[in-house]
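Here is a short briefing for a reader new to this structure. Take a look at the model, then read on by topic.

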Amino acid sequence: MGVVSVKDVAALAGVSPGTVSNVLNRPDRVSGATIERVQWAIDRLGYVRNGAARQLRAGQSRSIGLVVLDVGNPFFGDLIRGAEDKAVTAGITVLVTDSRENTDRERTQVALFEEQRVRGVLLSPVVDARPSVERLRSRGIPVVLVDRALPDTSVSSVSVNDVAGGELAVRHLIEQGRRHIAFVGGPMSIRQVSDRLTGARKAVSEHNGVRFEVIDTPELSVPAGRHAVLDLLGRNASARPDAVFTANDLLALGVLQELILAGNLRVPEDVMLVGYDDIDFVQAAIVPLTSIRQPARLIGETAIDLLLSEADGDPGFAPRQVVYQPTLVKRASTASR
Ligand code: RIB
């Protein structure tokens, strides 16, 4: 037998398809004996209800879409976990995908969620969020931005003050006595990266005698971090930074790996290192990394609350831009020996 339908169940149970539908959706309208007979037929035939069709008929999908920048980045893994833990309590499924930091791919994934008429979308935009937000809203699908905010206060968002985060990182390195600091990160089109650099420059501007340089990277990954160090390793001591601040922890892990493999530079003695996100791996690194912590799970939880409040038409709903503050977590990679 192919896909078992409601009609098949009704025929075996000797009732109408409408009675089967009531057993599934309004059992209070059906006698116990009929429920037992229909359940017997469902079990006998292995009938599984079509949730998507039911959701579409109801106009109330039980799924939300989540588009992150990179599912391979543990920061987004923690954000996803926070969103899922909160969504499950509301009986909502979180459909996760990523843009791989590519605007065309972001547009494709947003269109897929639109076709599936999801209840709402959480979006960590690559560059400009407005096209995706306007497209979804025009179809009546609520959107909450995660890890980014828009000047448009009609769009809810949950993000972290990345300018403050960059400032925290570089101020810490300066307080540790470092005077030649390199920022490693990119592409600068990603707002999180440019904001962290803005904060770093602000901290440098508050101190005389600090040399600052920027090493741009094509992506926010471990290999990009490793490659960024190659230039530094070829320099003589007077031209080499004595500290590196990276736009995220994956870059920092790459920088650390390359410095250790090179063998002639010690962390933190010769080069101090600060990352960003405070993912679990940085605690386990061969030199535990100092990092700027983002409350990734809390970002996910808060975003779900905002999205469902709008999707459910809560009377008290109003768009909100929630901004969390980052914190400095000190570890061996910036310890004064
Ligand atoms: O995806 C790039 C970075 O932006 C992540 O590492 C995290 O820091 C996010 O804010």
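**Briefing: the ligand site and selected residues**

Beyond its neighbours within four places in sequence, Q192 is in contact with L69, S124, D147, R148 and D162. The model is predicted.

**Q192**
- Q192 sits in helix 9, which spans residues 191–205.
- Its relative accessible area is 4%. The cut-off for buried is under 20%, so Q192 counts as buried.
- The side chains of Q192 and R148 make a polar contact at 3.2 Å.
- Q192 is also one of the residues around the ligand.

**The ligand and its surroundings**
- An N or O atom in the D277 side chain is 2.4 Å from an oxygen atom of the ligand.
- For R196, a polar side-chain atom lies 2.7 Å from a ligand oxygen atom.
- For Q294, a polar side-chain atom lies 3.1 Å from an oxygen atom of the ligand.
- On its own, the ligand has 270 Å² of accessible area, and the protein covers 99% of that.
- The largest cavity is the space taken by the ligand.

- D277 belongs to strand 9.
- The phi of D277 is near 125 degrees, a positive value in a residue that is not glycine.
- D277 is buried, because its relative accessibility is 6%.
- D278 lies in the loop between strand 9 (272–277) and helix 12 (281–284).
- D278 is buried too, with a relative accessible area of 7%.
- Leaving aside neighbours within four places in sequence, D278 is in contact with D249, S291, I292, R293, V329 and R331.

**Cis peptide bonds**
- G186 and P187 are joined by a cis peptide bond, with omega about -5 degrees.
- P187 is in the loop between strand 6 (180–185) and helix 9.
- The bond from V267 to P268 is also a cis peptide bond. Its omega is near 10 degrees.
- P268 is in the loop between helix 11 (249–262) and strand 9.

**R100**
- R100 is not a glycine, yet its phi is positive, at about 55 degrees.
- The loop between strand 2 (93–98) and helix 6 (103–115) holds R100.
- R100 is exposed, because its relative accessible area is 52%.

Technical notes: Residues are numbered from 1 along each chain as its sequence is written. This is a predicted model: local features need pLDDT of at least 70, side-chain atom pairs count only at pLDDT 80 or more; totals for chains, interfaces and linings use all residues. Side-chain values use heavy atoms; hydrogens and water are left out. Helices (H or I, at least four residues) and strands (E, at least two) are DSSP runs, numbered from the N terminus. Buried means under 20% relative accessible area, exposed over 50%, partly exposed in between (1.4 Å probe, protein chains only). A polar contact is a pair of N or O atoms within 3.5 Å; within protein, one must be able to donate a hydrogen and the other to accept it, and residues adjacent in sequence count only if both atoms are side-chain atoms. Contact means heavy atoms within 4.5 Å. A residue is near a molecule or strand if one of its heavy atoms lies within 4 Å of it. Accessible areas come from the Shrake-Rupley method with a 1.4 Å probe; for residues, only the protein chains shown count as cover. On a 1 Å grid over the protein atoms alone, a cavity is a set of points where a 1.4 Å probe fits but cannot get out, and a pocket is an open set with protein on both sides within 12 Å along at least five of seven lines; lining residues have an atom within 4 Å of a point. A molecule sits in a cavity or pocket if more than half of its atoms lie within 2 Å of its grid points.
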